[in-house]
Amino acid sequence: MRRAFGTPIGDYLPAFGLALVTALYLAAAYRYPPDAREIPADVAWTMLGLIALDLVSRTHTGLGRALMRWFNPAADREDAEAKPHYTAGRQIIAVLWLMGFAAALNLIGILYAVPLYVLAFTRLRGGRTWRASIAVACGTTLFLWLLFAFLLRLELYPGALIGGR
Amino acid sequence: MLDVWLSGLQGILQVRELLFLALGMVIGLLFGAIPGLGGSTALALLMPFTYGLESFAALALSGGVMGAVPMGGSISAILLNAPGTAPSAATCLDGYPLARQGKAGLAIGAAASANSVGGIIGTVTVLAVLPIAKRLVLLFGPPEFFLLAVLGLVVVATTSRGKLLRGLITGGFGLMVAFIGYDDITGDVRFTLGIPYLWDGVHLVPALIGLFAVAEMIDLSIRGGSVAREAGNVRITRTLSGVLATFRHWRTVLRGSIIGTVVGAIPGVGGVVASFLSYSLTVQASRDPESFGKGNIEGVIAPEAAINAKDGSALIPTLAFGIPGGAEMAVFLGILVLHGMQPGPMMLIQHQPEIYGLIWALTAACILASFIGLLFVRPLALVTLVPAEILVPVITCIALVGSFAVDASIENTVVTAVFGVLGYIMIRFDYPRLTIVIALVLGATAERNFHQAMLMADGSWSIFVTRTISLILLAGIAALPCLPILRARLRRGRGSGPVSAGDQR
Amino acid sequence: MRPSTRRVLIAAGVAAIAMLAGVAHAATGFPAKDIAFIIPDGPGGGFDLDVRAIAPAMEKYLPSKVNIVPTNVPGAAGTRAAIEIYRAKPDGYTIGIFNIPGIYLQQQRGGAGFDLTRLSWLGRVGIDNYGLAVGESSPIRSVADLQALSQTRPVKFTSTGPAGTAYNATLIAANLLDIKAQLITGYRGSSDYVVGAIRGDGDAVITVIPTLRRMAEGKTLRIIADFEERASVSGAEDAVALGKPELAQIVLDRLIAAPPGLPEEIRAILAGALVRALADSQVIAWAKETDSTISPESSDQAAATLRSQIEFYDKWKPFLNPKR
């Protein structure tokens with residue numbers, strides 16, 4: 001990965017993302033009357049300052065290292081330890097599986113999404129046999145149905161595309 | 001006084017009541033262990049059944065549930081980083097790393113004994129305080145609640161000393177999220193982007209399930225293997241040493257129990273603050289703060305003691321005035337009303353035996369639930385050996401569906417998923433999760449109480465110094481950041497002996 | 001007749017009878033499955049207990065044996081539940097309990113997503129009047145004292161946020177009583193803001209009588225006004241004595257309704273079951289034990305109650321929401 005000030009660009013991304021969110025939050029806050037925006041705006045301004053400090057502390061410049069030593073000594077030491085490194089692709093795929101499941105829950109409902117997701121995950125990502133995957137999928141669905149639908153008489157969300165609101 | 005205590009005990013020690021206690025306990029354990037369910041759901045489920053029951057039986061049942069839920073929550077927090085109840089999220093911080101090192105038995109043992117001891121200390125405190133409960137509740141108003149919230153935030157912020165900057169950032173983010181929704185003071189609806197679901201703000205339990213359980217499942221699915229790093233290392237036999245660890249670290253237990261008792265009595269703040277505050281203060285007081293978050297047994301004992309101590313004291317505002325300390329207490333209030341026991345000043349006068357019976361039931365359930373947890377340590381700890389390909393989808397399902405079940409909103413699953421990804425990013429890029437939790441819980445409370453205090457005082461800040469308790473709290477807040485410096489200086493002075501004595505001239 | 005022909009005829013006969021029975025059941029088939037009774041609160045809240053007490057009684061008075069399942073749909077000050085009931089199918093399998101005027105005030109603000117006037121109203125569970133109280137240790141002894149105080153400074157009332165029912169009741173009542181009021185808003189529940197008044201956060205509090213009575217029993221609170229035409233609380237001035245009979249229109253009704261467009265036969269069955277449930281001895285015993293007021297109304301009366309409350313609050317709208 002390319003580096004800026006001695007640190008891989010990827011390491012800065014969360015802080016940048018947060019800065020963006022905070023800026024939008026601040027813009028939204030100023031549309032509310034003074035009473036309502038007072039404290040959220042104060043917090044947001046402080047956040048922008050802190051994020052700036054954090055960004056600098058992550059660089060390998062002199063100021064950055066100094067900030068790290070004052071404010072994040074433990075993190076400094078942990079960074080020096082070997083941490084397992086995973087490729088961005090692998091992490092994104094894991095997140096996509098989760099998002100896909102959440103989307104399925106909302107679109108086709110709990111009773112369809114759960115077995116589908118468990119089956120797909122154990123079979124495709126886990127490499128288990130069809131029999132094992134189906135067993136786990138059925139077991140999970142049955143457990144959830146017994147607990148929520150049967151015992152708690154909770155209506156399991158049917159999915160926006162099928163019957164839901 | 002003693003005779004009332006005894007008549008309460010007598011009421012509970014009947015066969016039928018004990019059976020209901022046991023039933024409540026089992027249900028409490030199960031519901032406590034599953035994220036998204038918990039005491040409030042269990043009590044709501046049982047409420048119709050309590051209809052025909054007499055008061056003591058209903059209270060035995062309720063006490064059984066409320067006493068056992070924390071232990072259930074601890075078990076899933078330790079084994080899977082999936083807090084069964086919101087307060088157990090603090091147990092995840094060191095309990096789960098222990099499980100990853102194959103020491104699940106040790107962690108569960110410590111949790112069980114800390115639970116019991118904390119519960120007992122909480123009970124004793126409540127019994128002592130109950131006669132003056134009314135006066136106590138009236139001492140704390142909006143100015144005090146605001147300062148307490150600030151105190152909580154400061155404690156937690158100064159705890160992440162090793163990562164102060166990042167801790168403050170996540171805390172600030174938590175505050176920003178906490179302000180989303182309908183503002184009780186002005187009536188404005190803020191930061192909801194027009195989404196009706198966000199009217200009540202970001203729901204806490206789904207967010208916590210995401211931050212801890214789902215984030216961990218994402219991490220597990222990437223790194224593979226199982227929760228316990230090396231299968232051969234899962235030592236169940238260390239359970240006993242876990243149980244004894246609580247007594248070795250008696251200062252931690254005491255501290256946790258006191259914090260739990262005090263915080264539990266503050267309505268609307270709840271168990272999350274109790275457990276996280278206890279954890280934070282223990283880290284601060286420790287000689288080796290950086291070992292926390294990596295499997296320090298005190299990191300399990302501290303929150304566990306607080307959680308069970310809070311259960312008893314949460315009854316104080318609930319019974320004295322009908323102000324529920326949280327969702328669980330709100331449902332319990334309903335059960336009380338159902339049985340003709342109107343919470344309020346009269347309750348403490350008219351229904352004393354029943355109240356003491358309840359407190360006995362709570363304590364008994366807490367201790368017995370710990371035993372049951374210990375009994376099942378071996379099969380439970382096997383969960384840490386289940387391979388990721390199977391564990392991840394199953395736990396993710398339970399987490400998301402449980403989060404839906406909190407109040408039957410499918411939007412909760414989106415919150416959980418988003419916070420899951422957020423939690424994972426925080427793990428990956430090294431931002432502490434401790435501060436965001438406290439900020440989420442205390443943010444809205446702090447702001448609301450501040451505005452109320454200002455309305456009371458017509459905008460003058462003097463209200464914070466003219467009230468006794470506020471003044472004490474202010475002093476505490478000012479002193480807190482200085483404590484670590486003081487302690488370090490003391491330690492240096494003690495350790496260095498004659499050399500430092502010379503230096504201090 | 002050959003044996004096989006006989007068998008065929010018998011089979012045909014059985015089939016015909018079964019079909020006829022099915023048709024008959026379908027015509028008068030309500031209810032054929034569980035009915036959801038929607039509650040705008042979480043479990044344990046006031047409305048929750050009402051429904052859990054009434055539902056089993058209502059089951060007894062339905063033509064066939066089905067369950068009435070109390071279903072909690074909390075959130076957004078009751079609008080979530082209201083929307084769910086409004087959008088449900090009008091087949092009688094979804095009904096709900098409503099806080100009037102609380103939920104109407106949400107509709108009045110605009111963009112709520114439901115129209116209460118179009119719902120099929122089934123009846124009323126009960127009605128609560130409002131009253132005014134001060135902490136036991138307060139020097140205020142009567143409404144006149146508050147009026148005098150408001151000459152020097154605004155009287156501080158503890159209350160909920162603007163979406164709460166007490167907020168609006170407090171503003172209207174204070175205005176009617178010529179008391180200059182400032183509300184300390186933001187309290188979460190009724191116990192919360194009443195204790196606030198006891199504690200002295202504010203000077204006084206206005207809320208429903210049952211809540212005030214509960215606290216007054218413990219000698220922590222003094223009820224100085226009862227906004228009924230004739231006071232049911234001893235020692236409190238009533239609306240007539242205060243010269244403001246309009247105060248008696250500040251009430252909290254608990255009404256039951258089904259989605260718009262409910263067929264008449266189903267409405268009759270549900271409304272009938274509700275009224276008989278409210279007269280059921282078990283429910284009456286429960287109400288006495290829990291100090292709840294049962295005050296039933298028929299579906300037409302309930303619809304009329306709604307209309308009169310809407311009229312009242314529409315009249316006060318400019319005062320309550322000056323900005324909008």
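A salt bridge is taken here as a side-chain nitrogen of Lys or Arg within 4 Å of a carboxyl oxygen of Asp or Glu. The model is predicted, so that local features need pLDDT of at least 70 and side-chain atom pairs count only at pLDDT 80 or more, while totals for chains, interfaces and linings use all residues. Residues are numbered from 1 along each chain as its sequence is written, chains are lettered from A, and side-chain values use heavy atoms, without hydrogens and water.

**View 1. Salt bridge between C:Asp128 and C:Arg254.** The closest N and O atoms of C:Asp128 and C:Arg254 are 3.7 Å apart. Across the interface of domain 1 and domain 2 of chain C, two salt bridges are found by the rule.

**View 2. The two domains of chain C.** An automatic or database domain assignment gives domain 1 (11-127 + 251-320) and domain 2 (128-249) of chain C. Their C-alpha centres lie 31 Å apart, and the contact (heavy atoms within 4.5 Å) takes 21 residues from domain 1 and 16 residues from domain 2.

**View 3. Area buried between domain 1 and domain 2 of chain C.** The buried area, which is the accessible area (1.4 Å probe) that two parts lose on being put together, summed over both, is about 1,600 Å², with carbon and sulfur atoms giving 56% of it. On the domain 1 side, C:Val251, C:Phe312 and C:Trp316 supply 31% of the area buried against domain 2, more than any other three residues.
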